[in-house]
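Please look at the sequence and the 3D view first.

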Amino acid sequence: MRHPKNWDQPCPNTQCAQYNLMNKGNVSAIATYRTQSGKRRLFRCRTCSTTFAETRNTVFFDLRTAEEKVMMALKMLLVRVDLAGISFVLGVTEEAVLAWLARAAQHAEAINAHVLRNLPVTQVQLDEMWNFIARKHACETDEAGESLPAGEDGRQWVWISFAPEFRLIIAAVVGPRTLDTAQEVVAATKARIAGLPAFFSDGFTCYLAALITAFHVVTTFARTGKRGRPRKPLCEPHPDLVYGQLVKQKKQGKLLTLSTRVVLGAERLTQLGLTISTALVERVHLTLRQALAPLARKTSSFCKDRARMQQRVVFFQAFYNVTRPHMSLRTPLSMHERTRHGAIRPRWRERTPAMAAGLTDHVWTFRELLTVKFEPLDSQSISG
């Protein structure tokens, strides 16, 4: 007997009993149709009789522009080409490119939410990179000269949470250099990791308060029956929390001294055998500056609002984790696996950070990055 094919297409009807569930045998291909991007399939859900296209819930849904042109524009955004250059080369408006970027960023957020879960990391490096939105100096600043949290102009830093053992970007946030943004980065990191790894950062003081807010234990005291107010609960850092700082002293832009400081968990840090360092997350900052035009130094292609910058960073995060192979993660091929492709005989098996962390089993294509679909988080396992 014939068995239904698994098309990896969920039913988009919210009233259907199989809504957003994949490979349940309820979706079948009923027809094909031609577009300027090629042949596409139509599907029907047998449970609710809803008909939908294969581009539903993807970046390309209901677009009149050819998919190749959309992908070319999004690729150019990732190789430091500004909006004016993309508009000139592809013959599209800057507003259209920004609309495609918004779709890609929304899709990238869904990828991060489904892929980056229960990460088995042993250490996390935290760092922030200076940038500005609209203007270098905000109209209104706080006492330290930083942009206000609700402000959209001035200095807006790119905060990165990085797992060096997998070269994986765990979280990426754009915001001012304040405690609230540090807490947002640490909270996003906590939601995606398993266990309690060691944390390393520079000498920025807000990281300690943010880590204690996310990883702490509350000690309560029983009432003694004596007169006076009862003792308030005591909030203390988690006993397994490890936090080290790499302190740099500079003068006129030149590095004078470099020292390490163990703030929390010195004994456990010795047991783990880790070295306090932020070198790899700082190297990611260089990759970001080389990839995104608004982050290039002394540029005129800076972003005009924080939301656009956040969209670029989130989209690059998903691309970096699942689509872009990392040279330091590649593994050698055995002699019988080195099959010749034309005049080239590959010696290495390329791997992405997500593959190194065991989150995916192959290098995603760029179209797969823009069209992949997932089931709801409450109905799938970590391997789903």
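## Basis of the model

This is a predicted model, in which local features need pLDDT of at least 70 and side-chain atom pairs count only at pLDDT 80 or more, while totals for chains, interfaces and linings use all residues. Residues are numbered from 1 along each chain as its sequence is written, and side-chain values use heavy atoms, with hydrogens and water left out.

## Overall build

The protein has ten helices and 15 strands; these are DSSP runs numbered from the N terminus, helices being H or I of at least four residues and strands E of at least two. Its C-alpha trace spans about 75 × 55 × 55 Å along the principal axes.

Of the 384 residues, 43% are buried (under 20% relative accessible area, with a 1.4 Å probe and protein chains only). The accessible surface is about 21000 Å², and carbon and sulfur atoms hold 51% of that area; the areas come from the Shrake-Rupley method with a 1.4 Å probe. Taking contacts between residues at least 6 apart in sequence, 60% join residues at least 24 apart, where contact means heavy atoms within 4.5 Å.

Strands of a sheet pair through backbone hydrogen bonds, either parallel or antiparallel.

Eight bridges join β1 to β2 (residues 38–45). Across this pair, A31 stands opposite L42 in β2.

Strand β9 covers residues 198–201. A198 and F200 point one way from β9, F199 and S201 point the other way, and all are buried.

Strand β4 (residues 123–129) runs parallel to β9, joined by three bridges, and Q123 stands opposite A198. Four bridges link β9 to β12 (residues 242–251), also in parallel. There, Y243 in β12 is the bridge partner of F199.

## Residue I170

I170 lies in strand β8 (residues 168–175). I170 counts as buried because its relative accessibility is 0%.

Leaving aside neighbours within four places in sequence, the contacts of I170 include L116, L119, V124, F162, I193 and Q317.

Note on methods:
Buried < 20%, exposed > 50% of the residue type's maximum accessible area, 1.4 Å probe, protein only. Pairing = 2+ DSSP bridges.
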